[in-house]
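Welcome! Please take a look at the sequence and the model below before reading on.

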Amino acid sequence: MYRVMAVDDEIWVLRGLKRYIAWEDYGFTVASMFTDPQKAYAAFQEEPVDVVFADIRMAGIDGLTLIDMMRTCKRETQFVILSAHSQFDYAKRAISLGVADYMVKPITQEALLGMLQVLKMRLDEARTQEERCRLYDCLTRPDFVLTP
């Protein structure tokens, strides 16, 4: 299961997001939800997740700054913006941060499910590549010995 963190300053959005989708059916579990982006960042530093859903406009740290900060901790994390704002400047900055998707609220269940399928495919590919790299590293170590 891939672990998901959701960050939005409105608790009803977080609760709806958690209930809206049968996450486990798509290979995800909602590991944590935060209304405070600073607490989300602290939790992410302790235990990074595979996917972060973040609102843009929040008190203290905006979602794009939060994503930028989180990127320095774990590059493999996929980020998705869930925002009521479709302003070009936000989308442009999100693209520069390499977000996986930028979804404008209200979000349909169909759009969210389609995005989850794409995320799962990306995460599966990254995991496979990581496993190949570990195997290659093991096989190319000077002390590696193949025994029958």
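This report walks through the aromatic pairs and then the nonpolar cores.

Keep in mind that this is a predicted model. Let us begin with the aromatic rings. The count of aromatic pairs comes to three.

| Pair | Centre to centre | Angle between planes | Arrangement |
|---|---|---|---|
| W23 and F28 | 6.5 Å | 80° | edge-to-face |
| W23 and F53 | 5.7 Å | 70° | edge-to-face |

Why do W23 and F28 count as edge-to-face? Their planes stand at 80°, and an angle over 60 degrees puts a pair in that class. The pair of W23 and F53 links distant parts of the chain: W23 sits in the loop between α1 (11–20) and β2 (28–34), while F53 belongs to strand β3 (residues 51–54), 30 residues apart. Together with Y2, the residues W23, F28 and F53 make up one aromatic cluster.

Now for the nonpolar cores. The largest one has 23 residues, and those touching the most other members are M5, V7, V52, L64, L66, M70 and I81. Elements giving two or more residues to this core include β1 (2–7), α2 (37–46) and β4 (78–83). The greatest contribution comes from α3, with four residues.

V7 has contacts beyond its neighbours within four places in sequence, among them L14, F34, V52, F53 and L66. A second, separate core of 22 residues includes W23, M103, M115 and L123.

Conventions:
Residues numbered from 1 in each chain as written. Predicted model: local features only at pLDDT ≥ 70, side-chain atom pairs only at ≥ 80, totals over all residues. Heavy atoms only, no water. Phe/Tyr/Trp six-rings, centres within 6.5 Å; stacked < 30°, edge-to-face > 60°. Core = buried A, V, L, I, M, F, W, Y, C linked by side-chain atoms within 4.5 Å. Buried < 20%, exposed > 50% of the residue type's maximum accessible area, 1.4 Å probe, protein only. Contact = heavy atoms within 4.5 Å.
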